[in-house]
Structures are given as C-alpha cells and as structure tokens.
Amino acid sequence: MINGHAPIIRLGIRAATPFATILGCYLLFAGHNNPGGGFAAGLVFGAVLALRTIAGFLRPTYGVTLVAAGVFIVAGVALLPLLWGDLLFDQQVLSFELPLLGKVKTGSALLFDVGVSVIVVGTVMAVLDGLGAAEFAADLPAAPDHREQE
C-alpha cells in the first residue's frame with residue numbers, strides 16, 4: 001500500500017501538480033487542432049486529482065454533480081445551433097483581438113471540449129468516491145507539518 005503521507009510522495013505530488021495542470025490546459029486548448037482535446041485533458045486532470053487524493057490533499061466529492069454539469073454543457077453546445085436554424089453540433093467560430101496575443105480564434109468546439117473534460121474529471125471523482133478514497137484519506141495519520149519546526 002502507498003503511504004500517502006510519506007514526505008517524498010507528498011513533495012513529489014505537490015511539485016508535479018502545476019506541471020500536470022499546465023499540460024492538461026495545453027491539451028484542452030490545442031485539442032481541436034492538434035492531438036489532445038477534452039478527453040485527454042480530463043484524464044490528466046483526473047490523474048492529478050487521484051494523486052492528490054492518495055496523498056490526502058483532498059477528498060473527492062460532487063463527482064456526479066460534475067458529470068451532470070458536463071453533460072449539460074455538451075448538450076447545450078450540441079443543441080444551441082438548432083435555435084439559429086443551423087445543424088446539430090454546427091461549430092460557431094469567434095475571432096477577436098487581444099492586447100498581448102493579437103488575433104485569437106476560438107469556437108464552440110472549445111466549449112464542447114470543456115464539457116467533455118468536466119465529464120471525465122467528474123467520473124474520476126465519482127470512481128474515487130465509490131472506491132472509498134475519502135475514507136482512505138481520512139484514515140491516514142495526520143501528516144507532520146515540518147514548517148513549524150524550530
């Protein structure tokens with residue numbers, strides 16, 4: 001069994017979290033033009049959540065609520081074009097100028113990818129909750145706080 005409160009494990013997970021989050025964001029934003037997308041980003045974010053749960057940094061809750069929110073986002077992106085007489089899943093592209101980035105072009109595919117990512121993260125959280133990760137994290141001994149040593 002993994003000792004989630006081992007200092008090296010906790011330090012490694014804390015160090016890897018920002019990098020994995022940046023990688024997940026890259027996969028999310030680059031996904032409709034390059035390899036990646038909402039599913040791959042959701043898996044990376046879910047892996048971060050799983051590791052942070054094992055280390056006792058958080059307890060997974062509201063996974064089913066996230067899945068429902070993601071389904072609502074995906075359904076909205078799919079059905080909204082029908083209101084304007086367009087086809088189901090028809091992509092709308094927006095283009096605008098930003099001060100530092102210049103011309104930025106995005107579309108409804110990004111919002112769809114966000115919905116898929118939320119579904120995947122919610123599913124990972126629901127699985128962790130179903131497997132008793134909250135109880136596992138609660139049963140771990142409290143991690144010593146080395147910052148207060150004198």
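What does the cover over the buried residues of α3 include? It includes helix α4 (108-130), where contact means heavy atoms within 4.5 Å.

The model is predicted, so local features need pLDDT of at least 70 and side-chain atom pairs pLDDT 80 or more, while totals for chains, interfaces and linings use all residues. Numbering starts from 1 along each chain as its sequence is written, and side-chain values rest on heavy atoms, without hydrogens and water.

Helix α3 spans residues 63-83; helices (H or I, at least four residues) and strands (E, at least two) are DSSP runs numbered from the N terminus. At Val 77 the helix α3 bends by about 30 degrees, and Pro 81 follows within four residues. That bend is the angle between axes fitted to the seven residues ending there and the seven starting there. The buried residues of α3 are Gly 63, Gly 70, Val 74, Val 77, Ala 78 and Pro 81. After α3 comes Gly 85, with a positive phi near 85 degrees.

Asp 113 belongs to helix α4. Its C-alpha lies 9.9 Å from that of Val 77, although 36 residues separate Asp 113 and Val 77 in sequence. Beyond its neighbours within four places in sequence, Asp 113 contacts Leu 28, His 32, Gly 37 and Gly 38.

Two residues are set out below by relative accessible area (1.4 Å probe, protein chains only), where buried is under 20%, exposed over 50%, and partly exposed in between.

| Residue | Relative accessibility | Class |
|---|---|---|
| Asp 113 | 11% | buried |
| Leu 94 | 53% | exposed |

Leu 94 is found in strand β1 (residues 93-98).

How values were computed. Expected span 1.5 Å × (residues − 1).
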